[in-house]
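Please view the sequence and the structure first, and then read on.

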Amino acid sequence: MAIFEQRNEKKLILDETQELKILIESTQKINGHIEYILKIQRGPFPDNTWRILRRYNDFDQLNKCLQISKVELKFPGKKIIGNMRPEFIAERLIALQEYLNQILMNPILASSLPTKKFIDPDTYTQSFHDVALQYASMCLRTDSIYTLGLSLGPIGWRIRKHYFRVILKPQTTTTKHHLIKSSSQSHGKQHSTQICVTTSTEKEYSSVTASAKDSSASSSSTGSTGSGADKDKDELILCWTEFGPDKHIDEKEIHNVLKNFAGVQHPFILPIEYIAANDYGALVIRKFFKQGSLRDLLCGVKSPVNPFLSKYGSPKGRSSLPLKELALYGRQILEALKYLYSKGMAHGHVHCGNVIIVDSVARLIDVENFIFGVPSFYRPFFVKHPKISTSEAIDVYGFGHLMYEMSMGYPLQDSYAEQITDCPDSLKSLLESILLKESCKAGLPTLEQLTNHQFFKEYAGCFNEVYAKIMSGSAMKPHLKFSTNAKEQLKNQIQKTEARLRDEQKLTKNQKRLTKVQELMSSEEERKKSKHRTKLEHKQSKLRTQNSLQLNNGQQLQQQQHLASTSTVARSDSANSISDGNVISPPGYSNDSVTSPPSAPPLPTIIPPLPTVTMTTTTTIDQISKANESISNTKDSCSSSSTSTSNNNRSALLDSICNFNKTNLKKINLNE
C-alpha cells in the first residue's frame, strides 16, 4: 500500500484542468529518422515545463486515437520520398505545430486520455481503470447489498473518474440495511428521509426500493409494481472518483461530511443511493437514466454509455431548447444552487453533463464533487478572470455557460463571448450579464439577482407558485443538515479552494503581463532594427545616386573634352592657323604682368613677314587693351555653338595675331 500512497500524494497536487502549452522547438536526426523536440508547459508556472521527443509515427498514432471524435483536424500526410530534405522537415514542423494547436483549442480533445499520454507519458502510463477497480472493490467488499459490475468505459471527461454497473446481492436472511455507509464507520442511525429496508429476497428489496424512489421523486406517475418496473429500478451506476487538489477536509471528518450530505433531499437535486470513501477517493451510487444527461439530450446521443469523445466530439444532432423549457430548467437549477449555499455548501461543477431531466424537471447531480476537491470543467476559463474568484461567482459563471448551450445548441468554447445574437432581448441581457468580456472583468451578478431577471419572469412566470407548493408538501420538502464540525470543514474547504484559485489567477495575470512586456520589448527591438536597416538602405541609395551622378558628370566632361579637342583640330586645319597647333597669345592675355610679356616662339617660314608698325606708348597700350577685348570676345564666341558668327570672330582673332609686331613694343615704367 505504500506504493499507492506515494502515487496518491503525487496525484493530489496535479490539476489536470490547467492549460497546456506545446511548442515544437527543433528537430534532430537519430538513426535515420527525424525526432521532434516538444516543450510543454502546464499552467501559468514557467518552471512547470518539460521536454519530450516524438516521431511522426507518434503523431500519427495520436491522430488515429482522436478520430473517434470525428473532429476535423488538419494532420499532415505521410511522405516516403524526400522526407529528409531540410525544406520538407521545416514545413512538416510547422504543420505539426498547427495540428497540436487545434487539439489544445478544443476542450474535449485536450482533456482526453490519448492527448494526456502523448504530452505527459510519465504521469499517464499507469492504468487508471485498474486502480479504480481495486479501490471500488475495497469499498464494497464488506457491503452486503451492492457488488461491482462491468465497467462502462470512458463515458465521462475526467481521466480519474470511472463508471461501473452495480449488481444487487441476493438476500437470504432478513436483515436491516442502511443505504449510507463509510469504510471506517459502522452503520448508524439513518435520517427519516432515507430508506431502511427489511427483506429476505432480492425481489422484495427491489420492490421496496422502487416504491421508496417513487415516493421521493417529483413524478406525476404513481408507484408501479411488476417485473418491468423492478428491473428498471435496479439499474444503478457507480462512480469512483479520486480526490482532487482542492480536497481540504480532514481524513477523520470526511466520512461524517459525506454521511450528512447523503441525506440531501431536494426536488431539483438527484438523491444518492449509497456513498463511501477511503484514503484515495470516494464512490457514489445513483440511479442510471437511459436517456442520459442534458448534454446527451442537446447532442442527440442515442446511448449515453458510448465513449465521451464519440458522443461530444462532433455530434451531428445538436439542437436547442424552446424558450419555455429553457427558462423552466434554468430557474430550477438556480433554486437548487441557492439551497446549497443556504446550507453552507457550493456546487462548483455546473454544466450540461451534471444535469438530468426527469419528467420535465431539471435535477443536479455530482454535487459531491465539491467535497472531493476535483477541479471544475470550466476552470481553464475562469482562471483568466480575477473577478471570478468566489464559489458563488464560479457557479454563476457555469450557469451562464449552461444557459448558452441550452439556448444555442452548442457550447461556448472560450472564456467569454464576443457577441450574443439570435435570441430574445431578455435572454440576450441574461447571457450578456455573465458571458461578455466586460461582465467578466467588472463582476458577475449573484444568484438572487439572476432569479429576479426579466427573462424568467417573462417565460417562467408561474414557477414561484409551483415551487411554493412543492416546498409546502411533506414528501418533497427540502432537507440537508450538516453537523457543526461538518459546517466548519465545508467552510474551510471553500476558503482554501478560493485562495488557491486567487493565487493561480494572480500568477496567470503576472505571466500575461510579462508576456506582453516581452512582446513589447521584442517589438521595440524589431522597430530599432527596422529603423537601422532603413537608414542603411537610405545611405546606400544615396551613395548609389552620388556615384551615378559622378559617373554622368565624368561622361559629360569626357564629351566636352572630346568636343574641345575636335574644335582645336578644326582650328589647326584653317588657312591662318599655326602648323604645330601652338597659338601665340598677345600681351595682356595671360595673367602675368605687362612688364614681362611672354615671348612668342619663332614663326614658321610659311607665314609671311609681319608689316612694320610704328607705335607710341599710348597707342601700344590701347592696342593691347583692344587685343584683350577681342580675345575675350573670341573666348565667348568659342564657347557657343558653331555658327557663322563664331567662325568670323575666330578668323579675325587669327588675323590680328598673325599681323601683330612685337618689335615696336616699349617697356613702360608703371611707377612713373
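Among contacts in the protein chain between residues at least 6 apart in sequence, what percentage join residues at least 24 apart? The figure is 69%, where contact means heavy atoms within 4.5 Å.

## Basis of the model

The model is predicted, so that local features need pLDDT of at least 70 and side-chain atom pairs count only at pLDDT 80 or more, while totals for chains, interfaces and linings use all residues. Residues are numbered from 1 along each chain as its sequence is written, and side-chain values use heavy atoms, with hydrogens and water left out.

## Overall composition

The protein chain has 23 helices and 12 strands. Helices (H or I, at least four residues) and strands (E, at least two) are DSSP runs, numbered from the N terminus. Of the 672 residues of the protein chain, 43% count as buried. Buried means under 20% relative accessible area, exposed over 50%, and partly exposed in between, with a 1.4 Å probe and protein chains only.

## The three-stranded sheet

Three strands form an open sheet in the order S1-S2-S3, with antiparallel pairing; two strands pair if DSSP finds at least two bridges between them. Strand S1 (20-30) and strand S3 (49-55) stand at the edges with a single partner strand each, so one side of each is left without a neighbour in the sheet. On average, and with direction ignored, neighbouring strands of this sheet are turned by 25 degrees against each other. Such angles run from 0 to 180 degrees between N-to-C directions, and axes are lines fitted to C-alpha atoms, for helices over the stretch in contact.

S1 and S2 run antiparallel and are joined by 10 bridges. Within this pairing, Ile24 stands opposite Leu38 in S2. Helix H2 packs on the sheet and touches S1, S2 and S3, its direction making about 95 degrees with that of S3. Helix H3 also packs on the sheet, touching S1 and S2, and the direction of H3 makes about 155 degrees with that of S1.

## Leu38 within strand S2

Leu38 belongs to strand S2 (residues 33-42). Why does Leu38 count as buried? Its relative accessibility is 1%. Not counting residues up to four places away in sequence, Leu38 touches Ile22, Leu23, Ile24, Trp50, Arg51, Ile52, Arg54, Phe59, Leu100 and Phe118. Ile22 is 16 residues from Leu38 along the chain, and the C-alpha atoms of the two are separated by 6.6 Å.

## Packing of H2 and H3

Two packed helices are described by the angle between their axes and the distance between the axes. The axes of helix H2 (residues 56-66) and helix H3 (residues 86-105) come within 12 Å and cross at roughly 30 degrees. H2 and H3 are therefore roughly parallel to each other; angles under 35 degrees count as roughly parallel, over 145 as roughly antiparallel, 65 to 115 as roughly perpendicular and the rest as oblique.

Tyr56, Phe59, Leu62, Asn63 and Leu66 in H2 meet Arg92, Leu96, Tyr99, Leu100 and Ile103 in H3. By class, this contact has eight nonpolar, one polar and one charged residues. Ala, Val, Leu, Ile, Met, Phe, Trp, Tyr, Cys and Pro count as nonpolar, Asp, Glu, Lys and Arg as charged, and the others, Gly among them, as polar.

## The five-stranded sheet

A further open sheet has five strands in the order S4-S5-S8-S10-S9, with antiparallel pairing. Its edge strands are strand S4 (146-151) and strand S9 (274-277), each of which pairs on one side only. Neighbouring strands here are turned by 30 degrees against each other on average, direction ignored.

Strand S8 (residues 236-242) is mostly covered, with seven of its seven residues buried. Leu236, Leu238, Trp240 and Glu242 point one way from S8, whereas Ile237, Cys239 and Thr241 point the other way. S8 pairs in the antiparallel sense with strand S5 (residues 161-168) over five bridges and with strand S10 (residues 281-287) over seven bridges. Cys239 stands opposite Tyr163, and the bridge partner of Cys239 in S10 is Val284.

## Two loop residues with positive phi

Most residues other than glycine have a negative phi, and most peptide bonds are trans. Lys70, in the loop between H2 and H3, has a positive phi of about 60 degrees although it is not a glycine. Lys70 counts as exposed because its relative accessibility is 59%.

Asp422 is found in the loop between helix H15 (391-408) and helix H16 (425-435). Asp422 is not a glycine, yet has a positive phi of about 55 degrees. At 76% relative accessibility, Asp422 counts as exposed.
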